[in-house]
Amino acid sequence: MAESTRRRGALKALLPALALALLPTAARADWKPTHPINLIVPWAAGGSTDQVTRVVAAELEKSLGQTIVIVNQPGGSGAIGTQSALDAPKDGYTWTAGAAQDLGAYETMGQVKTRITDWNLFLSVANVGVLSVNPDSPYKTAKDLIDAMKAKPGKISVATAGVTSSGHTAMELIAKAAGVEYRHVSYDGGNPAVVATVAGETEATTQLGVEEVDMIRGKRLRALATISDKPLAVDGYGTIPALSDTLPGFKAPANYFGIFIPKGVPDEVIETLDKLWTEKISDSEALKKYAESRAALFAPVAGGAAQKAAFPAVQANAWLLFNGGKAKVSPETVGIPAP
C-alpha cells in the first residue's frame, strides 16, 4: 500500500513536467526578460548592420517589454564584437548582429573559433552591394572602372568595411570575375567606407545599397552597378543596372542580415524569439518600410530555414577568402564544402 502511494505521488509530481513537454513550442514561448538586453553591433554606427538592427530591436522591445541596448563594438571586421557575445554568460541577455556570411568566415580567418551552426539565426533583410564611385571620377559605367583596373593593376582604391565584410567580399567577386587587381582600403564599418568615397579618399566603394542609398540619391556617389545579376530599383533615384550586364554570367548569393544568439542559452529565450519572428517581425510595417526606403529585400526568417537561406553566402565568402590567400584555414575542415 505504501509503495503504491509513493508511485502515485511520484507520477503526480511528474505530470506538470510531462504536460509542459507536450505543449506546442508557441505555448511555452513566454520568456519575459527582467532587465535590459545587450545587443552588440560589431560594426560602426550608421552602417548596414547598425541600421537594420535598431529597427528590429525597437520592434522586439514592444513585445518583450524590456529595453534592448545597442552596443557598437567595431574592430577585426566584426570579430571583436562577435567574440564578446560568445564570451558573455549564456543567459540570453547578450546578442550580436550582422551579415550571416561573416559567421562562416571567422574560423577560416583564424579570428574567432565559431561556425554558423553555433548560432541561432533571426534574419530580417537581404542586402545587395552596389559598385559606386566618387562623382568627380572619370568612370561613368562599370566597364569604365573595370577597364581602368585592368590598365592600372592594384592602383584603383576601393573602400570597404574590412576583410570578410560584405563590401570586401563583393569586390573580391568582381576581381575574380573580371580578372583585375585593386587597392583595398579598410574602414571600421560600411558607413565610414562610403563617406571616404564621398570625400574622395578612395575612388570607389562596393558597400551595400542600404549604406550608399542616401549618397546616391543626393548625387554624392555615382552608382555604376549592383553587385548582382539583377538590377535594383531605388526610391527617389531610379534603377541601378546589374553588374551581369557588364560581366555576363556574374552572380552573387543573397546576403542576409539579422540578429544572432549563441546556442546554449535557455530554450525559452529562443522559443520566444522564434514566436516573435513568426508573429511580429514577419509582418512588421517598420521593417518593410525600412527595406523599401533603403534598397533592401524584406526577408524575415528564423531557425533551420534561416540556416539554409544564409549558407550559400557563407560558402561563397569562406571559399573566396581561402582561394584568395586571405584565410588561414581551409573551409572544408570547418564544415564548409566547396561550392
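Are Trp31 and Tyr93 buried or exposed? Trp31 is buried, as is Tyr93, where buried means under 20% relative accessible area and exposed over 50%, with partly exposed in between (1.4 Å probe, protein chains only).

## Basis of the model

This is a predicted model, in which local features need pLDDT of at least 70 and side-chain atom pairs count only at pLDDT 80 or more, while totals for chains, interfaces and linings use all residues. Residues are numbered from 1 along each chain as its sequence is written, and side-chain values use heavy atoms, with hydrogens and water left out.

## Aromatic pairs

Rings of Phe, Tyr and Trp (its six-membered ring) pair if their centres lie within 6.5 Å, and planes under 30 degrees apart count as stacked, over 60 as edge-to-face and the rest as tilted. By this rule there are three aromatic pairs. In one of them, the ring centres of Trp31 and Tyr93 are 5.6 Å apart and the planes stand at 70°, so the pair is edge-to-face.

The rings of Phe122 and Trp277 have centres 5.3 Å apart and planes at 55°, so this pair is tilted. Phe122 belongs to strand β4 (residues 119–127) and Trp277 to helix α10 (residues 267–279), 155 residues apart, the helices (H or I, at least four residues) and strands (E, at least two) being DSSP runs numbered from the N terminus. Both Phe122 and Trp277 are buried.

## Surroundings of Ser63

Ser63 lies in helix α3 (residues 48–64). Leaving aside neighbours within four places in sequence, Ser63 is in contact (heavy atoms within 4.5 Å) with Lys32, Leu276 and Lys280. The C-alpha atoms of Ser63 and Lys280 are separated by 8.6 Å, although these residues are 217 residues apart along the chain.
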